[in-house]
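Okay, everyone, thanks for coming. Let me put the structure up and we'll walk through a few spots together.

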Amino acid sequence: MSITAEHGYTHAGTHERYGYTDLSRLMGMMTGDEKHGPAATSTLDVLWVLYDRVLRVGPERAEDPERDRFLLSKGHGPMAYYAVLAAKGFLPVEWLPEFGSYDSPLGHHPDRVLVPGAEIGSGSLGHGLPLAVGTALGLRAQGLHAPSVWVLIGDAELDEGSNHEAIAYAGPAGLDRLHTVVVDNASASHALPGGIAARFEAAGWSAETVDGRDHEALYAAFTAPHPGRPRVVVARVEPKNA
Amino acid sequence: MDTMRDRFAPVVSRLLDEDPRVAVVLAEIGKDGFEDARHRHPDRVINVGIREQLLVGAGAGLALTGMRPVVHTFASFLVERPFEQVKLDLGHQDVGAVLVSAAASFDWPAGGFTHMAPGDVALLDTLDGWTVHVPGHPDEAETLLRHAVGPGGNKADKVYVRLSVQANERGLPVDGARFLTVREGRGGVVVAVGPLLDAVLAATEGLDVTVLYATTVRPFDAAALRRATEAAGAEVVLVEPYLAGTSTAAANDALADVPHRVLGLGVGRRELRRYGTVEEHVSAHGLDAGSLRERITGFLGAAAVHVR
């Protein structure tokens with residue numbers, strides 16, 4: 001039984017239960033192949049651990065102000081994201097094969113207006129973290145102190161300057177409900193000088209770098225306390241161009 | 001006379017007191033005016049520093065949680081610099097915000113071209129669903145700000161309020177939607193936008209033309225223009241305090257099924273590379289009363305010059 005099920009957030013009855021081992025098959029419904037290279041699955045383990053064990057979300061809580069917010073900023077290659085959303089009952093598995101077609105809600109970049117469970121639309125890089133900062137500010141201003149805000153970005157996405165505006169602001173602002181996961185597949189042509197975690201730490205964030213395939217390490221990093229500070233977890237996976 | 005910008009912080013501070021959904025997002029510019037409000041509402045008066053991508057992105061994030069963000073800085077840094085954030089974080093995410101700009105086309109000529117944004121309204125015209133208010137007087141600015149932010153408004157509305165130092169002598173009772181008929185004639189229609197009304201009234205003194213006054217330019221009040229042209233003829237001059245011709249397409253669309261002519265006057269596209277005063281820039285762009293009269297009569301011809 002998953003943590004989400006223990007918390008009672010799993011959508012009851014309307015869909016069969018899927019586990020981590022089903023994700024490859026679900027992705028295959030979109031890609032036409034059950035085998036996926038590291039690039040297609042770079043976010044898969046992070047997404048699974050978050051949706052299975054960390055996020056307090058669920059299909060029945062779409063409008064719940066107290067739900068956690070997960071913002072997928074790195075909208076490229078969203079098959080893993082759709083597979084996890086389908087596995088968790090946010091969207092019907094039957095939607096997956098039509099991925100990218102004119103009548104499908106599932107595009108090659110997600111659109112929050114079309115995809116149940118997607119908190120933002122993404123595709124253009126560098127938008128998610130500023131949106132997450134605003135989301136954390138908005139929840140705080142309404143006295144909603146329980147929900148966590150999560151944003152997933154890629155290491156190359158950190159090239160975009162908008163992220164650095166958000167990183168530099170969120171630390172001093174003490175946005176401790178804000179969490180960033182950087183999936184690092186070493187895809188940036190010019191790696192961030194000093195390293196990714198150091199960039200966040202310099203701005204006052206709590207930071208940890210872990211193996212992005214190790215579910216227990218991810219879970220521990222995702223749930224470690226970080227009072228008064230926003231949190232970044234750098235999840236290292238296989239280099240994109242290895 | 002105080003300026004529209006002088007009204008901005010007091011009006012929005014009252015809205016912060018009245019409505020817990022309102023939040024103000026700033027990027028340093030304009031923060032002093034919100035000092036008192038920030039003490040009363042520390043979580044709803046937000047200054048992100050000199051970070052305009054974050055300014056708009058964070059405003060949109062607030063809107064995602066159900067807040068009504070009022071986002072403010074100079075027009076160049078609110079619409080032009082973070083334009084993709086305006087397009088995606090608000091438009092594509094399908095959330096609303098009130099963007100309130102200062103400095104307009106050339107409020108600070110000595111500051112040079114970096115602080116001029118004559119293209120702001122034209123840029124917003126490339127996007128769907130924006131309401132654009134261009135008040136012509138501080139009283140109108142107050143009315144339109146309340147209209148944009150306040151209760152009763154749809155929280156998902158995307159509204160741009162363009163504040164300027166340029167202003168008319170007196171405010172008129174604007175309603176946040178319709179053009180007002182200020183003068184009626186039979187030899188053409190002149191649409192004066194916001195702070196250019198006084199210059200247009202002086203320029204058309206004694207001419208046989210209808211003068212419409214527009215402070216809400218998007219949506220464009222096509223019905224008002226059509227009605228005016230029925231009596232005054234479908235020869236239309238638009239006088240706008242931003243890029244010349246910005247509303248020409250909207251006027252053409254309003255009159256698509258009748259023969260018509262449209263002249264779009266406003267701020268020229270060419271960079272002047274001049275400093276100086278607002279008055280000097282008004283003249284350089286041909287927007288003073290004398291230049292306007294010459295260009296309006298040149299376009300409308302004998303029908304307008306005919307003494308009423």
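So, to start: which residues does B:A304 touch, not counting residues up to four places away in sequence? Keep in mind that this is a predicted model. The list is B:G187, B:G188, B:L207, B:D208, B:V209 and B:T297. B:A304 itself sits in helix α13 of chain B, residues 302–305. Buried or exposed? B:A304 counts as buried because 26 other C-beta atoms lie within 10 Å, and the cut-off is 20 or more. For a sense of distance, take B:R51: that residue is 253 residues away from B:A304 along the chain, and their C-alpha atoms are 50 Å apart.

Now over to where the chains meet. Chain A puts 22 residues into the contact and chain B puts in 24. On the chain A side, α5 (128–141) and α6 (161–170) each bring at least two residues. The top contributor there is α5(A), with eleven residues. Sorted by class, that side of chain A has eleven nonpolar residues, eight polar ones and three charged ones.

Let's stay with α6(A) for a moment. This helix is mostly covered, with seven of its ten residues buried. The buried ones are A:S162, A:N163, A:E165, A:A166, A:I167, A:Y169 and A:A170. And what do the buried residues of α6(A) pack against? Within chain A, they pack against α5, β2 (149–154), β3 (178–184) and α7 (196–202). From chain B, α3 (52–64) joins in as well.

Key. Residues are numbered from 1 along each chain as its sequence is written. Chains are lettered from A and ligands numbered from 1 in the order in which they are written. This is a predicted model: local features need pLDDT of at least 70, side-chain atom pairs count only at pLDDT 80 or more; totals for chains, interfaces and linings use all residues. Two residues are in contact if their C-beta atoms, placed from the backbone, lie within 7 Å. Helices (H or I, at least four residues) and strands (E, at least two) are DSSP runs, numbered from the N terminus. Ala, Val, Leu, Ile, Met, Phe, Trp, Tyr, Cys and Pro count as nonpolar, Asp, Glu, Lys and Arg as charged, and the others, Gly among them, as polar. A residue is buried if 20 or more other C-beta atoms lie within 10 Å of its own, exposed if 12 or fewer, and partly exposed in between; C-beta atoms are placed from the backbone.
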